[in-house]
Amino acid sequence: MTAAPTVNVVAAEGPASARRSQGAIAALARNPLAVICAGYLFLLLVALAAAPLLAPYSPNAEDLTHVLAGPSARHWLGTDQLGRDVTSRLLYGGRSSVIDVLVATGTFLLAGIPLGLLAGYLGGTVDRIVSRVANVLFALPAIVILLMVVAIFPNDDPVAMVTLGIIASPGLLRVIRGTTLAIRQELFVRAAQLSGLRTATVLRRHVLPSLAGPILVQGSLFCAGALMAESGLSFLGLLRPDSTGPTWGNMVADAANVLGQDTWLLVPTGGIIALTVMAFSLLGDAVRDATVGRSIGSVPLARQLTKPSAAVVPQSSPRGDDLLAIDGLTVTLGDVRLLTNVSLTVRAGEAVGIAGESGCGKTITARAVLGLLPPGGRVAGGSVRFGGEELTTLTERQLNRIRGAGIALVSQDAVSSLDPTYTVGSQLCEVIRHHTGASRRAARQRAVELLATVRLAEPEAILRLRPHQLSGGMAQRAGIAIALAASPRLLIADEPTTALDVTVQREVLELLGDLRRRLGMGLVLVTHDWGVLAEVCDRAVVMYAGEIVEEATIDRLCLTPRHPYSAALLAANPQLASPGRPLPVIPGRVPAPSAWPAGCRFAPRCSRATPECTAQPVQLDAGVRCVHPVTAEVDA
Amino acid sequence: MFMRKIKHVVRTSSAALAGGMVVATVAACGGTSSSGTQPAASSTTGGTLTVAGELGPTTLNPETTNQALCDFEELAYEPLIVRLENGGLAPGLATSWHYAGTGNTTFVLNLRGGVRFSDGTTMTAQDVVNDFQYVVKAGGQMAPYFAGDSFAVTGPLQVTITAKTPNPDFPFLLTQDYNAGDIISPDGLKDTAALGTQTFGAGPYELDAAQTVSGSTYTYTPNPYYYDKAAVHWKKVVVKVMGSAEAVLDALKTGEVNLAEGDASTLKAAEQAGLTVTQAPLLWEGAVLADRDGKMVKALANVQVRQALNYATDRSTLVNALFAGVGTPTEQVTVPDGYGYLASLNSTYPYDPAKAKQLLAAAGYPHGFTMSMVTADYDQENLLAQALAQEWAQVGVKVNIIDDANPSAYEQAFVSGTVPSFIATYGQQPISIEGPGLFLPTAAFNPYHTASAALQSLYDQDISASGTAATALDQKVESYLVDNAWFVPVAATGIAWYATSSVTGTEVTTGAPLVELYQVEPAS
Amino acid sequence: MVRIAIRWLVSSAALLFAVTALTFVLASLAPGSAVRAVLGANTSVTPQQCAQVKHQLGLDEPLPLQYWHWLYNLLHGSLGTDLFSGQPVTAALGTRIDASLSLIVATIVVSGLADVTVGTVSAVRGGVTGRILDTLTVFGFALPSFWLALILIEVLAVRVRLFPTTGYVALDSDPGQWLRGIVLPVLTLSAGTTAAIARQTRDSMLQVFGRDFITALRSRGLPLRVIVWKHALRNAAIPVVTTLGVVFIGLLGGTVLVEQVFAIPGLGEAAVTATTNHDLAMIEGIAFYFAILVVVVNLLVDISYAVLNPKVRVAV
């Protein structure tokens with residue numbers, strides 16, 4: 001007997017305001033399953049309340065000439081061993097069972113809510129004592145306590161139900177306590193307290209509304225469990241026998257007894273219990289979904305995977321020696337465009353930078369190459385060719401061939417790019433073995449070599465470390481080592497040094513440059529830092545609001561930027577600032593993707609803007625997307 | 001209840017006993033039924049006999065166990081006297097016996113020589129005397145029948161029982177039906193605690209404790225020292241406890257089990273499944289109107305009231321509804337052709353609610369009255385209680401039913417004299433045994449100790465009489481009980497036995513209504 | 001590691017004390033049953049006899065002293081004597097523990113493997129599969145277990161003789177029959193556990209799929225099955241293991257019903273018989289055994305945490 005209901009093991013949800021409760025009710029109303037369950041329960045309760053009116057017979061009226069009859073016009077659901085009408089008994093029996101469930105649930109709520117509130121709100125010793133007791137109670141095997149109580153108080157439904165409620169209450173207590181604890185720390189509660197409101201008022205006005213959700217969820221699930229427990233205990237003959245009146249539990253127990261003579265009886269008696277338990281459970285689930293909501297991270301994996309886009313016709317013809325050729329790439333997320341018409345080429349051994357502020361689309365561009373767009377993102381137009389092969393029309397599986405072996409990626413946050421539950425060595429060897437098929441020993445050998453290549457001291461020791469034990473710099477180097485494992489022809493590094501401090505930055509950049517030269521590897525470096533750009537790259541593009549606004553060699557870009565945005569960025573670079581003078585910043589903000597203007601997207605912030613700029617989309621011309629490019633040199 | 005249909009009341013409850021004994025001269029027929037023919041017996045020893053039962057014993061101690069569960073004892077303990085299938089008596093551990101002198105107070109037993117217990121020790125007369133003394137000391141259900149008696153070794157293989165009051169039924173009391181005759185080895189008597197979980201007998205089998213799980217599976221292997229090797233038909237006997245009648249039937253259908261005691265609820269299904277079904281009437285089930293002196297319910301002191309209740313009972317409908325195929329209506333506390341049976345008595349109280357109301361009015365209860373009744377949950381007693389309650393409600397008598405799943409709580413309740421009436425399932429017995437069990441002031445089933453001089457006189461005459469005079473007196477006692485409506489018997493039922501075609505020897509008769517496990521043989 | 005061990009010891013001791021003390025207190029509310037059990041069904045019982053038996057059983061002592069005696073016996077390996085059969089409780093229950101354990105462990109293994117797979121697949125596929133999973137698993141939970149058991153017996157054991165209808169064969173006496181005998185009970189028990197395990201797996205996996213390293217793993221060209229089953233699952237494991245622990249304790253209750261229907265001689269079946277007979281010595285013994293099982297499970301769960309949680313593992 002599953003005496004314990006499906007308790008919500010996940011920790012208490014965060015705080016929810018009253019507004020959110022209203023939103024929750026709306027969400028609930030939209031969920032068809034929830035509506036059906038709530039409707040069923042409501043109708044059931046009405047029917048049970050109206051039993052004297054609805055029941056065709058008295059529940060104890062015996063008809064000894066028609067025992068164990070199947071469904072018929074006289075008895076819609078048949079009769080039992082004493083010829084009593086099953087329909088009537090289900091109606092009256094439901095009242096007893098519902099009362100039992102209410103007694104259990106009432107106890108459950110009465111025991112769990114006040115104590116949980118107290119523990120969460122008052123904290124300190126009260127919390128410690130209550131939590132300790134609750135934990136012990138929670139850990140007790142409930143069935144044993146229940147059986148003992150039933151042994152001492154036989155055939156006593158209320159006592160058994162109260163016991164059940166008490167035993168299960170720690171589950172509720174924990175949830176209430178957690179929620180209360182979180183709310184207490186909310187600012188508005190603090191404000192209320194400071195403004196002198198009494199504890200009770202604070203509780204009532206601010207805390208209780210947020211508890212409605214968890215209470216409903218736990219209560220609903222517990223009702224399901226209590227009904228199951230009642231039927232189980234009755235089946236074992238431990239609760240009220242049918243001579244004192246029907247309950248759903250003793251009806252199904254009687255039906256099981258006569259299974260050999262009458263197989264039908266078990267259907268309505270067991271069925272009503274199953275249906276009602278399901279209704280309670282599903283309703284509880286629905287309330288939980290509506291009040292908690294889904295966090296951003298809970299997207300099925302399938303939705304994250306790449307779906308190949310339609311066949312594309314590249315706008316420009318491919319150049320033979322291009323390693324990577326991005327041509328007119330447009331990426332959307334739902335209805336919103338994230339990138340428009342991005343084009344970029346990288347030759348073997350070349351280092352190309354993508355520069356811009358956060359939100360300009362540079363990371364998306366990098367990700368798009370490898371088909372690692374966020375859930376819902378798609379390539380809406382353009383092409384990406386790697387070594388002549390079109391990537392945008394490949395499936396996830398096909399792309400996987402290229403990832404790691406052809407193109408590798410190094411991310412910004414190195415530690416979180418590693419699986420925290422495996423050692424560095426294990427993850428490194430895993431990639432090596434996958435791509436080269438090497439034996440365990442050979443892979444380990446290569447791993448040590450790789451770690452040495454990225455200039456990590458004591459590579460053997462590093463292999464045994466776990467990600468959380470690495471410093472930022474070590475982690476980044478390890479990340480680079482993993483990226484190099486399969487000897488990729490192109491390395492995309494997305495802000496590889498942003499999270500590192502300056503000295504480490506320098507070392508990693510040197511490393512990248514060195515690797516590029518030695519291995520003849522292409523490099524795409526995404527960054528917002530001009531110093532980084534200048535250090536490593538041969539060429540660079542500048543992106544703003546999802547499009548490329550300028551592309552040039554590093555020398556020309558740093559000395560004579562022609563797009564007003566590039567010029568402004570360079571001027572705002574702290575490294576070039578004059579001491580004592582305020583830093584020239586660009587007024588305004590980057591427009592959100594849903595609000596990109598039709599013409600030049602920088603125009604609203606540009607000092608050189610004219611109506612001509614905003615009239616229509618500006619084309620890329622000689623490496624600049626501008627109507628009024630800067631021609632003079634930048635003043636130092 | 002799904003399980004716990006204890007058949008203990010079948011044979012006995014408290015001090016009551018059951019077990020049909022018909023002296024060989026009376027034809028044992030009528031009332032028995034069987035479907036499927038008994039297969040021929042095979043001459044070779046069979047493999048494993050698997051028997052299913054709904055309940056297991058709480059203890060294996062023959063003297064403290066519930067006497068109804070004697071299946072578990074019979075396999076391992078040999079009684080002094082064996083009751084045969086046809087009702088006759090045969091030598092067991094005693095080769096001959098007789099009453100010395102007159103008055104049925106001195107009973108002499110001559111013991112079989114060379115009997116060895118399962119541990120190899122030889123049985124002596126002193127062992128038998130020690131065993132009798134233990135019967136009394138253990139205080140079980142048999143103790144009252146031997147209380148106050150003295151036991152002596154009166155020869156190298158002879159034991160004499162000297163009883164204080166006449167007891168003409170020693171031979172029957174010492175058969176396998178009553179466990180008192182099951183002789184326990186000296187080791188067992190020394191370590192009475194172990195008697196609960198192991199066997200120390202001289203019977204055809206012994207318990208294999210290694211393959212036994214208490215309360216679930218009991219495995220018996222042949223006793224290497226048994227004196228009659230030919231009577232051991234199986235290499236192994238396993239008794240399995242299953243929770244419900246359905247489970248038992250399922251196990252028979254699939255052949256997992258060869259033999260089991262049946263149940264009214266599965267009878268038809270068993271017949272349809274092609275099992276050999278045998279049964280013989282053995283018990284009556286009905287209400288005991290215990291408070292005949294009106295201590296708690298004044299109305300019950302009035303015989304008219306009690307008769308009214310009998311008139312208010314529609315026995316044929318009740319039997320059709322609850323005991324179809326396993327029972328017949330009865331108005332007397334015996335079964336057809338049983339002890340004291342008189343066919344005409346079954347027309348004493350035809351179903352007549354109007355007459356019942358009349359009688360109640362005449363007795364001063366025109367608006368009826370209220371009384372409580374306690375019932376157990378086995379043998380459909382609780383259903384019978386509710387059915388009776390509804391029928392009696394038609395004539396204005398309100399019954400408050402106390403339904404106790406716990407059999408010992410039920411026993412305590414009715415035995416304590418705190419409930420004026422109760423439902424009982426009682427075996428038919430020789431009147432001499434039935435008196436102390438059912439209707440004499442000292443009987444357990446007479447918790448209010450109601451006494452009747454007339455009844456007592458009939459009883460006293462009966463136990464001193466024999467032959468046809470005894471039979472006539474039996475019927476007089478029965479008539480008294482019916483005419484004075486001490487009870488409201490409803491159905492005469494039996495126990496059905498289900499067997500697969502792999503075994504034989506499961507016939508039952510009124511004289512021998514219970515299948516003896518050790519007599520079941522493999523079919524050829 | 002030492003800290004974990006100490007914490008486990010303390011909480012286990014607290015649990016065992018709580019369970020045994022509670023059962024003792026509850027048992028003391030009904031001393032009459034024990035007396036009745038010893039005196040048997042004797043009809044004429046005098047108050048003196050009652051008092052004598054009470055004294056024999058030590059029931060007239062103050063409660064803490066009774067508990068102390070019980071503890072003392074426990075430390076000497078005895079759980080008292082079953083008043084009905086005269087058998088030591090440890091002997092009576094010792095033979096039954098492997099039946100219950102077989103059922104529970106087999107259910108955890110089968111249900112764990114199946115439900116974790118189902119939950120993972122649902123987290124990977126998502127959408128309609130997820131909704132169907134939610135509803136189906138609740139269905140399994142909502143069916144009364146004895147109802148399901150009776151149906152399974154009728155269909156798979158009686159009609160089609162695939163499995164035995166009832167009974168239990170010990171593993172060491174006949175592994176083949178043991179396996180056959182536990183299939184139906186394990187199926188019945190698994191139906192009830194599916195909801196909790198599958199959902200928790202799905203929820204945990206979904207959370208893991210939102211983490212950075214999943215994308216990083218994809219970028220390395222590792223196949224999806226490696227990412228899901230080797231990496232994601234391990235990161236999602238801790239809440240799932242917690243759920244398995246909770247499910248285990250819930251199964252202790254589940255076996256009570258299932259052992260009844262399948263006539264399996266386990267602790268659950270003994271518990272019901274003991275309850276009906278008011279055999280308090282047995283109930284206390286069973287409570288103790290159950291508490292021990294809970295303690296062991298808690299230990300296993302704690303050890304799993306240490307294995308799965310990288311921050312606890314000490315780098316060698």
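## Exercises on a predicted model

The axes of helix α6 (residues 142–152) of chain A and helix α1 (residues 2–28) of chain C cross at roughly 10° and come within 10 Å. Helices here are DSSP runs of H or I with at least four residues, strands are runs of E with at least two, and both are numbered from the N terminus. Axes are lines fitted to C-alpha atoms, for helices over the stretch in contact, with angles from 0 to 180 degrees between N-to-C directions.

This is a predicted model, where local features need pLDDT of at least 70, side-chain atom pairs count only at pLDDT 80 or more, and totals for chains, interfaces and linings use all residues. Residues are numbered from 1 along each chain as its sequence is written, while chains are lettered from A and ligands numbered from 1 in the order in which they are written.

**Exercise 1.** Work out how α6(A) and α1(C) are oriented to each other, and which residues make the contact.

*Solution.* Start with the angle: under 35 degrees counts as roughly parallel, over 145 as roughly antiparallel, 65 to 115 as roughly perpendicular and the rest as oblique. The two helices are therefore roughly parallel to each other. Next, look for the contact (C-beta atoms, placed from the backbone, within 7 Å). From α6(A) come V144(A), I145(A), M148(A), V149(A) and I152(A), and from α1(C) come V19(C), L22(C), T23(C) and L26(C).

**Exercise 2.** Find the strand order of the open sheet in chain A, then its edges.

*Solution.* The four strands run β2-β1-β4-β5, with antiparallel pairing; to pair, two strands need at least two DSSP bridges between them. At the edges sit β2 (336–347) and β5 (389–390) of chain A, each pairing on one side only. Now check one pair: β4 (residues 377–386) of chain A is joined to β5(A) by two bridges, and F386(A) is opposite E389(A). Finally, helix α13 (residues 362–370) of chain A packs on the sheet and touches β1 (322–333), β2 and β4 of chain A.

How values were computed: Contact = placed C-beta atoms within 7 Å.
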